[in-house]
Amino acid sequence: MTTTGAAVQLTKSELKLLQSLVYQECGMHFDERRTHFLEDRLQRRLRERQLDSFYSYYRLLISDKGREEFSQLLEDLTVNETSFFRNKAQLDLFHKYILEDLLRQKHETKQHSLKLWSAGCSTGQEPYTMAMLVADGLAYFTLRNPPEALVTFPKPLVPPPWKVEIRASDINYSVLRAAEEGVYSASQMSTVDYNYRLRYFDKVGERYAVKKAVKDIVHFDFHNLKTEYLPQHNDVIFCRNVMMYFDEAEQKRLVEKFARCLNPGGFLFVGHAESLLNLTNAFTMIYRNSGTGYQKVEVPR
Ligand SMILES: C[S@@+](CC[C@H](N)C(=O)[O-])C[C@H]1O[C@@H](n2cnc3c(N)ncnc32)[C@H](O)[C@@H]1O
């Protein structure tokens, strides 16, 4: 190819080779139902690189200079669909019951720090939603449990002595850049109600920018969930609509890693179409008003 732009003929075994390389690298599994997607994206990369055979591309990927191309390939292969306040029933469970309890327990033991992680955060709507819910939860909690120290005005998003850190990670550098920028179109804001827009966003022309105070508690970083080096000591992990692209073996490994990344009694939220059923006995399910979450339990070894 590709001077003419014609598609390169790809054999089943070539696609299989790419499939296993991608799986080894990031855990994403392209089974028969998704092979056409893999092939389509591979053709795109071949055109982009002006290569006329799969093997030249494969050689590039596994060469010393292949890292950059691999990131680009992964960017093309990841599905980044997301939205603010996605899965309302689950967020209600988190906000009204779990967070409330967590704040009370932490307050009683005088450990006023909260660590949350959005694993597979895409363009940032999930971690910013978490930040807004935590800010709301904290405001409500401090109203009923006023701090000893004098509160200054304007009231900080995270009132002392509380410390909140929301880590947000993805494997796709482009979505991380957009997330860090934190500016959203009117259609992306359609699931954010007026109250939240007013408190947590600045209107910039036709778009909405996440306020600095919210951005200050969210830290974006590259993390590949396939690796062992992942954020530790979390109270809560959201990993929604990510595991569904992994096969069962990889899902099992990931869930075990999440258990290790959580503090005792910590919480894990997975996507609406995902479940921990038959994957692990390190978690117990919590269900309330159609919202589902999981709590880490101590498993006797
Ligand atoms: C469908 S989005 C889900 C976004 C958000 N969690 C939500 O539910 O709205 C899936 C995200 O997972 C990321 N992802 C896929 N494989 C990953 C991996 N191995 N490590 C880290 N992130 C990954 C993708 O780049 C993508 O942004």
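**Ligand surroundings and local geometry**

The shell of residues around the ligand is made up of 9 polar, 6 nonpolar and 5 charged residues. The structure described here is a predicted model. Of the 20 residues around the ligand, those that come nearest are Thr-82, Arg-86, Gly-120, Asp-170 and Asn-241.

Two of these residues place polar side-chain atoms at 2.5 Å from the ligand. In Thr-82, an N or O atom of the side chain is 2.5 Å from an oxygen atom of the ligand. In Asp-170, a polar side-chain atom lies 2.5 Å from a ligand oxygen atom.

Among the helices, α2 spans residues 35-49 and α4 spans residues 66-77. The axes of α2 and α4 come within 10 Å and cross at roughly 140°. Because angles over 145 degrees count as roughly antiparallel and those of 65 to 115 degrees as roughly perpendicular, α2 is classed as oblique to α4. The crossing in which α2 passes α4 is right-handed.

In one, the peptide bond that runs from Pro-160 to Pro-161 is cis, with an omega near 5°. Pro-161 belongs to the loop between helix α6 (125-144) and strand β2 (163-170). Asp-170, with its side-chain atom 2.5 Å from a ligand oxygen, is the residue at which the range of β2 ends. In the other loop, between β9 (283-288) and β10 (291-296), Asn-289 is found. The phi of Asn-289 is positive, at about 45°, although Asn-289 is not a glycine.

Conventions: Residues numbered from 1 in each chain as written. Predicted model: local features only at pLDDT ≥ 70, side-chain atom pairs only at ≥ 80, totals over all residues. Heavy atoms only, no water. Near = heavy atom within 4 Å. Polar contact = N/O pair within 3.5 Å; in protein donor to acceptor, adjacent residues only side chain to side chain. Nonpolar A, V, L, I, M, F, W, Y, C, P; charged D, E, K, R; others polar. Axes fitted to C-alpha atoms, helices over the stretch in contact; angles between N-to-C directions. Helix = DSSP H or I, 4+ residues; strand = E, 2+ residues; numbered from the N terminus. Parallel < 35°, antiparallel > 145°, perpendicular 65-115°, else oblique. Left-handed = near helix turned anticlockwise from the far one by under 90°.
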